[in-house]
Amino acid sequence: MAQTQMALDSLDFDGTVALATKVAPHVDILEIGTPCIKHNGIKLLEVLRAKFPNNKILVDLKTMDAGFYEAEPFYKAGADICTVLGTADIGTIKGVIDVANKYGKKAQVDLINVADKKTRTIEVAKLGAHIIGVHTGLDQQAAGQTPFNDLAMVAGLNLGVEISVAGGVKAATTQQVKDAGATIIVAGAAIYGAADPAAAAAEITAIAHGSSASAGGVKKFLPWIIAAAVVLLLVTLLGGKKEAPVEAAAPAPAEISAPAATEAAPAAEAPAEAAPAATEAAAPAEAAK
C-alpha cells in the first residue's frame, strides 16, 4: 500500500484551509507547498495541525542552508515531515535529518535538479534520510519531463527508504507510479484542479491503497465471470441430460459388462483386441433366435 499526499499550493490562506477541509478525509498527508508556506508562514501549519489531527503534514521548506535551525520551528509546530534540497551541502541535509530525529519525525531529501541523483541518494540514505523525494518540478513538467526514470533508478537501489513521487501524477498514472516503487504518491493539480476535489482525492487514494487494483479490478470483470459460470452450468446440465437415455436403454446388467470392459481398455490397444468383444456381444443375439 502506498500513501497519498495532497499538495496545497495556493497563496490564499483561507482558500487553502477550505481545500484542505474537503480533501483531508481522503488523503494520508497534507502538504503545505513551498509557495504556500513562504507566503503564509508557520501560522498556516498551526491551523492545519489543529484542524486535521488524523493527517500527517509535510512542510515543503526545500531548505538550502541552516538545516537544523530552519526546520526545528516547523517540527515544533506540528510538521511530521520537512523537506531539504538534495543540492544542499551535505551538512545542511544532515542538520534536517538530525532535528527530525530529535522530534521523532521524518526528513525528506528532494532530488529536484540534482545532477547525480544516484550518488546523492546513496549518500543521504547513509546519513539516515527517511524519505527520498523524486520530484519533477512544474517547469520541468512544462518541458515534457516525467519522474518515471528517476523513480526506477531510486527504487532499484533498494536502500530501505521511503520514496515520494511528485510531478504530474493523476488517477490514470497512480497505479503505474505505485508499481514502480513509490511509497508516497503526491498529487496536486489532479486534485485541486478537479471539479470535485474530494472525489478526485478519494479515487487516487483508492488506487494507492490497493482497493482499485484488487476489488475494483474484480468488479470490472464480474459480469463476464458470471456469464462464464452460467454457460458452464448449462453445458454441464445439458451434458447430463444426453447421458441419461443411454443409461436407461441398457436392458440388463449382463449386457453392460461387455461395453464397460471395452471402455475401460486403454486407447492404445490394437483394433484386433476389440473383435472378441464384438463376438461376445453377438452370441446372445444368436441364442435368442
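Predicted model: local features only at pLDDT ≥ 70, side-chain atom pairs only at ≥ 80, totals over all residues.
**Nonpolar cores**

The largest nonpolar core has 57 residues, and Ile32, Leu48 and Val59 are the ones that touch the most other members. Helix H5 (residues 90-102) supplies the largest share of this core, with 5 residues. A second, separate core holds 8 residues, among them Ala7, Ile29, Ile81 and Ile131. When neighbours within four places in sequence are set aside, the contacts of Leu48 are Leu8, Val17, Ala20, Ile32 and Ile57.

**Helix H9**

Helix H9 spans residues 171-179, and its buried residues include Thr173, Thr174, Val177 and Lys178. These residues lie on the same side of H9 because they cover an arc of only 145° around the axis. Ala172 and Asp179 are exposed, on the face turned away from the buried side of H9. Gly181, which follows H9, has a positive phi near 120°.

The elements below are among those that cover the buried residues of H9.

| Element | Residues |
|---|---|
| Helix H8 | 148-157 |
| Strand S7 | 162-166 |
| Strand S8 | 184-187 |
| Helix H11 | 197-209 |

**Surface patch**

Leu233, Leu234, Leu237 and Leu238 make a nonpolar surface patch of about 400 Å². Leu234 belongs to helix H12, which comprises residues 212-249. The relative accessibility of Leu234 is 48%, so this residue counts as partly exposed; the exposed class begins over 50%.

How values were computed
Residues numbered from 1 in each chain as written. Heavy atoms only, no water. Patch = residues over 30% accessible without salt bridge, like charges linked within 9 Å, V, L, I, M, F, W, Y side chains within 5 Å. Areas by Shrake-Rupley, 256 points an atom, 1.4 Å probe, with all protein chains shown as cover. Salt bridge = Lys/Arg side-chain N within 4 Å of Asp/Glu carboxyl O. Helix = DSSP H or I, 4+ residues; strand = E, 2+ residues; numbered from the N terminus. Buried < 20%, exposed > 50% of the residue type's maximum accessible area, 1.4 Å probe, protein only. Core = buried A, V, L, I, M, F, W, Y, C linked by side-chain atoms within 4.5 Å. Contact = heavy atoms within 4.5 Å. Arc of directions from axis to C-beta.
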